[in-house]
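Subject: Structure handover

Hello,

Here is the structure I promised you. Please open it next to this email and follow along.

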Amino acid sequence: MKFELGEVNVLCTDRKASLRFYRDLLGFEVESEEGSAVHLRGLGIALLLLPEATERPAPRPYGTCATLSFDVLVDDLAAARAYFEGHDVPCEGEPGAGFFVARDPDGLAIEVVGREGASS
């Protein structure tokens, strides 16, 4: 049996806020829309924004609860963190760790990894 990755579904509470994050901040491009759902492509993957969630997950420190996340690789980790924080995106993690976590509007984690730390 062979599996192939399709779209990664992002169940969100606010379509507009999620589009701002994934399209405007991360650079995903809108491929199509079906009703309230939005097909996005970027960073080598396809996302499907599904604004059907009625509540956000309880805030918990990254790594303490089972979840699914993906990495975004950057050349300048400090500049990436300043970029996200300048757009009011919550970030967590210690400087010098080789990565930090940026949170989307629903609190879902995106690991932002410096290229030198990308092999871990």
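Start with Arg103 and Glu92, whose side chains meet in a salt bridge, 3.2 Å from N to O. This is a predicted model. The two residues sit in distant parts of the chain, 11 residues apart. Arg103 belongs to strand 7, and Glu92 to strand 6 (residues 91-92). Is Arg103 buried or exposed? Arg103 is buried, because its relative accessible area is 14% and the cut-off for buried is under 20%.

The whole structure holds seven salt bridges.

Look for Arg15 and Glu33. Their side chains form a salt bridge of 2.4 Å, N to O. Arg15 is in helix 1 and Glu33 in strand 2, so the pair ties together parts that are 18 residues apart in sequence. Arg15 is partly exposed at 26% relative accessible area. Glu33 is partly exposed too, at 49%.

Next, Arg41 and Glu31. Their closest N and O atoms are 3.0 Å apart, in a salt bridge. Here strand 3 supplies Arg41 and strand 2 supplies Glu31, so parts 10 residues apart in sequence are tied together. Both ends are partly exposed: Arg41 has 43% relative accessibility, and Glu31 has 49%.

Four strands make an open sheet with mixed pairing, in the order 1-4-3-2. Which strands stand at the edges? They are strand 1 (8-11) and strand 2 (29-34). Each has a single partner strand, so one side of each lacks a neighbour in the sheet. From one strand to the next, the twist averages 25 degrees. Strand 3 (residues 37-42) and strand 4 (residues 45-50) run antiparallel, joined by five bridges. Val38 has Leu49 of strand 4 as its bridge partner.

Last, the core. In soluble globular proteins, nonpolar side chains tend to be buried together. The largest nonpolar core in this model has 24 residues. Phe21, Tyr22, Leu40, Phe84, Phe100 and Val112 touch the most other members. Several elements give two or more residues to this core, including strand 5 (70-74), helix 2 (77-86) and strand 8 (109-114). Helix 1 gives the largest share, four residues.

Leave out residues up to four places away in sequence, and Val112 still touches Val72, Val74, Leu77, Ala80, Phe84, Gly98, Phe99, Phe100 and Ala102.

Best wishes

Technical notes. Residues numbered from 1 in each chain as written. Predicted model: local features only at pLDDT ≥ 70, side-chain atom pairs only at ≥ 80, totals over all residues. Heavy atoms only, no water. Pairing = 2+ DSSP bridges. Axes fitted to C-alpha atoms, helices over the stretch in contact; angles between N-to-C directions. Core = buried A, V, L, I, M, F, W, Y, C linked by side-chain atoms within 4.5 Å. Buried < 20%, exposed > 50% of the residue type's maximum accessible area, 1.4 Å probe, protein only. Contact = heavy atoms within 4.5 Å. Salt bridge = Lys/Arg side-chain N within 4 Å of Asp/Glu carboxyl O.
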